[in-house]
Amino acid sequence: MKYKKIVTATALTASFSAFVPLALAVEKPEEITVGIATFLSGSASVFGVPGRDAAELYIEELNAQGGIHGVPVRALFIDEGRGSSGMVSDYRRIVQEENADLMMGAISSGHCLAIGPVAEDLEIPNIMWDCGTERALENQDYEWSVRSGANAVTEMVASVLYLLTVNPDFKTIAVVNQDYAWGHDSWEIFSTVLKQLKPDVEVVAEFFPRFGAPDFSSEISRLQALRPDVILSTSWGGDLDTFATQASQRGLFNNPKFFLALGESSLERLGNRLPEGVLIGARGDHYFLHPDYVNEQKHKEFVEKYFEKTDSYPIYPVYHMVQAMEAMVGAYDKAITSNGGEWPSKAEFSQALRGLEFRGLTSDVTIRPEDGQGLEDQLFGITTSSDEYDFRTLEEFMVVPAELVTTPPNETTSEWLKTLTPDLLDQVEMYNGGSQ
């Protein structure tokens, strides 16, 4: 380590040994170690493994180009499938024993709630790369954690605007969500906004089957009896696949309008079991056939390389992982530039994440300096058949700007949602051509 030293006049007259450290310069490391929490086992692995694959592909390409300012990146993965206590234990071990430079965690909203205080305790930069709950950052005053994408507020407010734009006349709705933080929080936001913008809607059923449930026959039977105009699910991963498959087998898709607010990640896995006309959200503007980016070079090349590596098309956890990686690279660039070319400390890197503007594979993202929350536009579409793919693709898009549907900094979501009015619908419109 190098130390800058300052000698006071008093010290010069008294003793040459009275040196006071002014600043501690950080030596350029031999490698950057990043710990990444994702689901590698369990039903959520259909979501988490693509995130890991994206990280490996990105880092391989990055290191082939010389790494970050000449320093290669090494990734260590944590399996969220072990549960919260096991995940937090591995998180601490990677920071303390592997000397991680930064962490990226996690997918589960519950895990992000657990990780935030741990990152503060360990004083380790932490990029929340995928989890949705707004409570992970809202009113937390964290110094070490930021989010490189949107939260549940952005996603659910945008979802209500989309639903009311494409299907404004429905009278009843039912929900089937996973019984944990994301499932409850996302429905609370969605239902609150829906009541604000369409007060005459009736919620006829709220189902919260356990996370990882293998059987939805009870919920499907009730829904067939109730016949709501709209069935909403913000479930994801294996749970959404199982529910949609069983709903298709039982004919539930034949009557109501389905809205799968996180359904983009299941399109390829479900194939033609998913019918035409289902409303789909992408948790961001993440879609491999995004009309603005389908032929844009950076996006197109990544899609091709990802397909070559995995024999599947990228889904939104892939896009979220790339965003976290781009945030990492962008923050190092920013911090090193601010340091006059010197390598930043962890604190300086963490501070550089605040206010960072960067681009993943689709639209630009900004991490707000006030609270570390990422601002990410939201894309929606309707399933249709395709001659080119053996699964449903999307058409009739809407892209909702992040600033329109995200709780402002220093405000509380529960209070801000109460200020929303039907006039908000006048500020969105269906996609009518892009910028690329």
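Let's start inside. The lining of the largest cavity has 7 nonpolar residues, 2 charged ones and no polar ones. Keep in mind that this is a predicted model. Which residues line that cavity? They are E264, L267, E268, Y287, F288, Y313, P314, I315 and F391. The volume of this largest cavity is about 60 Å³. In total, the structure holds 4 cavities of 30 Å³ or more.

Now the pockets. How do its lining residues divide by class? There are 5 nonpolar, 1 polar and 5 charged. Three helices each supply at least two residues of this lining: helix 2 (45–64), helix 10 (297–310) and helix 11 (316–338). Which helix gives the largest share? That is helix 10, with 4 residues. As for names, the pocket is lined by Y58, E61, L62, Q65, K298, E301, F302, K305, V322, E326 and L361.

Last topic, a sheet. Strands of a sheet pair through backbone hydrogen bonds, either parallel or antiparallel. Here, 3 strands make an open sheet, in the order 13-14-15, and the pairing is antiparallel. Why is one side of strand 13 and of strand 15 left without a neighbour in the sheet? Strand 13 (357–359) and strand 15 (374–375) stand at the edges, so each has a single partner strand. Look at strand 13 and strand 14 (residues 364–367): their antiparallel pairing runs over 3 bridges.

Methods: Residues numbered from 1 in each chain as written. Predicted model: local features only at pLDDT ≥ 70, side-chain atom pairs only at ≥ 80, totals over all residues. Heavy atoms only, no water. 1 Å grid on protein atoms, 1.4 Å probe; cavity = no way out; pocket = protein on both sides within 12 Å on 5 of 7 lines; lining within 4 Å. Points joined across faces, edges and corners; volume = space filled by probe spheres on them. Nonpolar A, V, L, I, M, F, W, Y, C, P; charged D, E, K, R; others polar. Pairing = 2+ DSSP bridges.
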